[in-house]
Amino acid sequence: MGSDSKCNKCGGTTFKEGMLGSGHANVKEIGMNLQSGSRVVVTFCLECGEIVSMRVAYPEVFKRSVGAASFEDGDS
Ligand SMILES: [Zn+2]
């Protein structure tokens with residue numbers, strides 16, 4: 001993974017990861033009454049704070065309930 005990502009705002013190349021919310025800002029599946037859910041990890045520029053990436057920390061949490069939601073994948 002030799003990605004030399006740059007910040008869109010300032011062109012900085014120093015990034016840091018952080019967690020969004022420490023317990024109360026978890027991502028939870030809509031309609032599901034999950035106890036834990038998953039935290040959100042953000043990668044942000046250390047220079048200006050621009051968030052360059054945002055992801056769910058533990059997507060596997062949601063895999064258990066795959067099929068509950070109906071995603072339509074028709075590309076008409
Ligand atoms: Zn920046």
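Q: In this predicted model, how many bridges join β1 to strand β2?
A: Strand β2 covers residues 40-45. β1 and β2 run antiparallel. The number of bridges that join them is 6.

Q: Which residue in β2 stands opposite E17?
A: β1 spans residues 15-20, and bridges join β1 to β2. The residue in β2 opposite E17 is T43.

Q: What is the bridge partner of G18 in β2?
A: β1 and β2 run antiparallel. E17 stands opposite T43. For G18, the bridge partner in β2 is V42.

Q: What is the order of the strands in the open sheet?
A: The sheet has 3 strands, and the pairing is antiparallel. β1 and β3 stand at the edges, each with a single partner strand, so one side of each is left without a neighbour in the sheet. Neighbouring strands are turned by 20 degrees against each other on average, direction ignored. The order is β1-β2-β3.

Q: Over how many bridges do β2 and β3 pair?
A: β3 covers residues 51-56. In this pairing T43 stands opposite S53, and F44 stands opposite I51. The sense is antiparallel, and the number of bridges is 5.

Q: Which residue in the turn of the β2 and β3 hairpin has a positive phi?
A: The two strands of the hairpin have 5 residues between them. A phi of about 90 degrees belongs to a residue in this turn. That residue is G49.

Q: Why does G12 count as partly exposed?
A: G12 lies in the segment before β1. Buried takes 20 or more neighbours within 10 Å, and exposed takes 12 or fewer. G12 counts as partly exposed because its C-beta neighbours inside 10 Å number 17.

Q: How far apart in space are G12 and C48, C-alpha to C-alpha?
A: In sequence the two are 36 residues apart. Neighbours within four places in sequence aside, G12 is in contact with C7, C45, L46, E47 and C48. From C-alpha to C-alpha, G12 and C48 are apart by 8.1 Å.

Q: What pattern does the protein follow along the sequence?
A: Its secondary structure comes to 1 helix and 3 strands. Read along the sequence, the pattern is β-β-β-α.

Q: What percentage of the residues in the protein do buried residues make up?
A: The protein has 76 residues. Among them is G12, which counts as partly exposed. The buried share of the protein is 3%.

Methods. Residues are numbered from 1 along each chain as its sequence is written. This is a predicted model: local features need pLDDT of at least 70, side-chain atom pairs count only at pLDDT 80 or more; totals for chains, interfaces and linings use all residues. Helices (H or I, at least four residues) and strands (E, at least two) are DSSP runs, numbered from the N terminus. Two strands pair if DSSP finds at least two bridges between them. Axes are lines fitted to C-alpha atoms, for helices over the stretch in contact, and angles run from 0 to 180 degrees between N-to-C directions. Two residues are in contact if their C-beta atoms, placed from the backbone, lie within 7 Å.
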